[in-house]
Amino acid sequence: MRSFGGQVVFVNDMPLVAESAVQRLVCDSSAYSECYELSRTTKLLLPLTTLFDIMGVKYQKGPIVVYVDNKAAEDLAVKSTMSRRSRH
């Protein structure tokens, strides 16, 4: 069964992009599903910062904060290491 995923991107506390859709692949776990969406969100955010720079849009530069609602996916993203507990 395929999972649903989505993102909401806020700029200056205003929603700029909102998307929800069925994922294109079947994930073995919810952590894998969340990591897939985290990857898609990152691929969306990086070009947006370039676009803002080109357009002269003022925004707070620095690390982009991304919230994930799955602890296992957050641990995989932050630690970037596999362990015995990360099965997939």
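1. Within helix α1, R40 and E37 sit 3 residues apart, about one turn of the helix. (Helices are DSSP runs of H or I with at least four residues, strands are runs of E with at least two, and both are numbered from the N terminus.) The two side chains form a salt bridge with their closest N and O atoms 3.2 Å apart, a term that here means a side-chain nitrogen of Lys or Arg within 4 Å of a carboxyl oxygen of Asp or Glu.

2. A note on the basis: this is a predicted model, where local features need pLDDT of at least 70 and side-chain atom pairs count only at pLDDT 80 or more, while totals for chains, interfaces and linings use all residues. Residues are numbered from 1 along each chain as its sequence is written, and side-chain values use heavy atoms, leaving out hydrogens and water.

3. R40 also forms a salt bridge with E19, at 2.8 Å between the closest N and O atoms. This pair links distant parts of the chain, as E19 belongs to strand β2 (residues 14-22) and R40 to helix α1, 21 residues apart.

4. (Buried is under 20% relative accessible area, exposed over 50%, partly exposed in between, with a 1.4 Å probe and protein chains only.)

5. K61 and D53 meet in another salt bridge, 2.8 Å from N to O. K61 is exposed at 57% relative accessibility, and D53 is partly exposed at 42%.
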